[in-house]
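Visitor: I would enjoy a walk through this model, one question at a time. Could you be my guide?

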Amino acid sequence: MPTRPVPSSTGASRRVELDEDSGTVLLRTDQGAYVFRVDRAAGIVRHVHWGAALPLADAVALPPWSEHDNSFAGRWDGTEEYPVDGGARFGVPAFEVRFADGSSPVEATVQDVVLLDHDHVAVLLRDRTRPLAWQLHYRVPPDGDVVERWVEFAHTGTSQDGDVLLVRYASAHWPLPHRPDWRLSSVHGGWSAEGRLQRTALPVGETALGSRRGHTGHHANPWAALDAGDAGEEHGEVWVVALAASGSWRITAQRTAAGRTGVLVNEGHEGAELRLRPGGRHRTAASLALHTAHGFGGASRAFHRHLRGHVLPCPGEVRPVLYNSWEATGFDVSEENQIALARRAAAVGAELFVLDDGWFRGRDDDRSGLGDWTPHPTRFPRGLRPLADEVHRLGMAFGLWVEPEMVNADSDLYRARPEWVVHLPDRVATELRHQLVLDFSRPEVTEWAFGWLSQVVTENAVDFLKWDFNRSFTEAGVAAGGPDARRVHVEHARGLYRVLDRLRAEFPRLRIEACAGGGGRVDPGILGRTDQVWTSDNTDAVDRLRIQHGFSQLYPAHVMSAWVTDSPNPLTGRAVPLRFRFHSAMAGVLGIGGDLTRWTDAELAETAELVAVYKDIRPVVQHGEQFRLLAPGEGPLTAVQYLDGDRAVVLVWRPSTAFGPQEPPLRLRGLESAARYRDEDTGREWSGATLMGFGLPLPDLPAGDCASGMIRLRRVEGSGRDA
Ligand code: DGJ
């Protein structure tokens, strides 16, 4: 059976194989396989298998899903890798176009299947008569279980053909295998209530998740997990799909009455058309997907590994303990009060001091100033440099809050450049938080942003930017108008990426935190050019457990910024002991956001101790594997375990107490059965088998509500993990 040779011989293991005779392509991941078959005669790319590993001979022999044959059936619905809008297809197409004459049906022909590298294959297709070509790309990174897909469109005609409008342009359709039932897991939420995990039976029909907001959104996040209803946290097959993009998006899970299920992953929601002029091209955002047989926890860990190994810009670093001024001083920042905070922050062990909103001209509250990025003349009469120098002298890095994509109508920028906003000139420009959105799809706007950002970073020796975005799009369109005016829903975020990429290239030591009013812009796209994300504006340590649980489904603790703030919490009014607040924030990238000038000496001393403990466990939390032992809300306790080499850390919380039976021991995960582990604080030793089988006897938690504990274990005998 001939297979086409791989062009570059890199020595890496082959992740993609093609059987020429049958047109079968086998993608191999660490644990599994993804198979499709190219039917050149019919112009169809049929899905064959996604799941357990199998040999090429079997992949070639597996029958595709049989077609229905009656005059009402969608013959290929749910069976194709990238269904076009044309022929006897009645499901949601992966892409949809309007040709210049207003017509839309597409007739696909297969041009070729090309192995571009040992890990990369492309199927080249084009319309039979119309000026449109598209390529389906599949890449399997050298390790892990993720398959990456994207599509490249090209207008292959001349000016006589007119433009082609891409109405819908999915990054991928991910067909799922045959199962009697399907369950969909995703997160929903809102501002200060991100990451609420929901699991629901998937009905026959179309179930859409998405954002029409121009940014990723607090209300949903661009991933979905599917299982047959039988997976648990640590067992069972789970399929996860995600989108690496930060604009509007849509994920549609489609289950047909004929028993086929698949998921379409799209950048743009309805009505975010893109125009292809003759010779024009469009490359979609990447969609990432994986299959695991190790439950939702296994899926999360596999995705975390992928993000750390292939997406994050600086995965080997540990993120510093930061201090942020926002909850302490709000807009009322000044050189004096920030220096006072910085001195206390340094004394308790913070490594990065971030001056938040309020530092620039005209910014006395949220009604004005956005766009005028020079230091506030009365709050920082000497500019920011004296503060930055003092922060550096204290041994900390200096960070600065910015919101480059926004403008207040009350700003010199808006008075000079009203046409730079995405809002349409003859429509009401809805203000949210008194601000409007600048159109980052326009090169002159991103050029301006890069210009002032690089100047501010250079002049003030800025080490870290907190990049905020505090409103969703409304009445959005590019000023030039036209049938694709709403492309800004996709292209704004691409302009943002260009600025971030350029900044990182210009300032390789600069680190960036993504923020959109908390967790409104968390996705695998932004994580390719930022180092951490501000998880939520809700800093209540109890609420955070649930938010962090949702966050962890896709994203690792390594990027999850979490602050310890004042008690009672300003948002919820809940009083929470300092220790619990720390334990909650220590589950991610620890920061402090309280008004340290009002904390007692005893609180500051305890803070310094807890920061030191965090620095000890930080490599395990940030670089280790995460096991969600007990989910919030399922019982009195919530617990998370991190495992990195010979160390394990367990954090356990009891937000509210209730009279009842004793809590069972915490059964740990991923340890080596035969090894012994020492509790680094008590000196007690246990075997891995005991810790996983019987469980870790619960530490004595303080009585009452909001009790928490932390256990550090170190392997003292034995080596390596169980196979
Ligand atoms: C929203 C962010 O999430 C907050 O942390 C803070 O930076 C404010 N914006 C400042 O306006």
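Visitor: Which domains does the domain assignment give?

Guide: Happy to start there. This is a predicted model, in which local features need pLDDT of at least 70, side-chain atom pairs count only at pLDDT 80 or more, and totals for chains, interfaces and linings use all residues. Residues are numbered from 1 along each chain as its sequence is written, and side-chain values use heavy atoms, with hydrogens and water left out. The bounds come from an automatic or database domain assignment, which gives domain 1 (16–56 + 75–310), domain 2 (322–619) and domain 3 (630–717).

Visitor: What radius of gyration does the protein have?

Guide: The C-alpha trace spans about 80 × 70 × 50 Å along its principal axes. The radius of gyration is taken over C-alpha atoms, and the globule rule is 2.2 Å times the number of residues to the power 0.38. For 723 residues that rule puts a compact globule near 27 Å, and the protein agrees because its own value is 27 Å.

Visitor: How much area do domain 1 and domain 2 bury between them?

Guide: Their centres, taken over C-alpha atoms, are 33 Å apart. Counting contact as heavy atoms within 4.5 Å, 47 residues of domain 1 touch 42 residues of domain 2. Buried area is the accessible area (1.4 Å probe) that two parts lose on being put together, summed over both. Carbon and sulfur atoms carry 53% of the total, which is about 3400 Å².

Visitor: Which residues of domain 1 lose the most area to domain 2?

Guide: Three residues lead on that side, together making up 15% of what it buries. They are Glu194, His215 and Ser246.

Visitor: Which residue forms a salt bridge with Arg494?

Guide: A salt bridge here is a side-chain nitrogen of Lys or Arg within 4 Å of a carboxyl oxygen of Asp or Glu. The structure holds 57 of them, and the rule finds two across the interface of domain 1 and domain 2. For Arg494, the closest N and O atoms are 2.7 Å apart, and the partner is Glu267.

Visitor: Where do Glu237 and Arg179 sit?

Guide: Their side chains meet in a salt bridge at 2.7 Å, N to O. Helices (H or I, at least four residues) and strands (E, at least two) are DSSP runs, numbered from the N terminus. The pair links distant parts of the chain, 58 residues apart: Glu237 is in the loop between strand 14 (223–227) and strand 15, and Arg179 in the loop between strand 10 and strand 11 (183–188).

Visitor: Which residues does a cis peptide bond join?

Guide: Most residues other than glycine have a negative phi, and most peptide bonds are trans. Ser192, in the loop between strand 11 and strand 12, has a positive phi near 65°. With omega about -5°, it joins Ser567 and Pro568.
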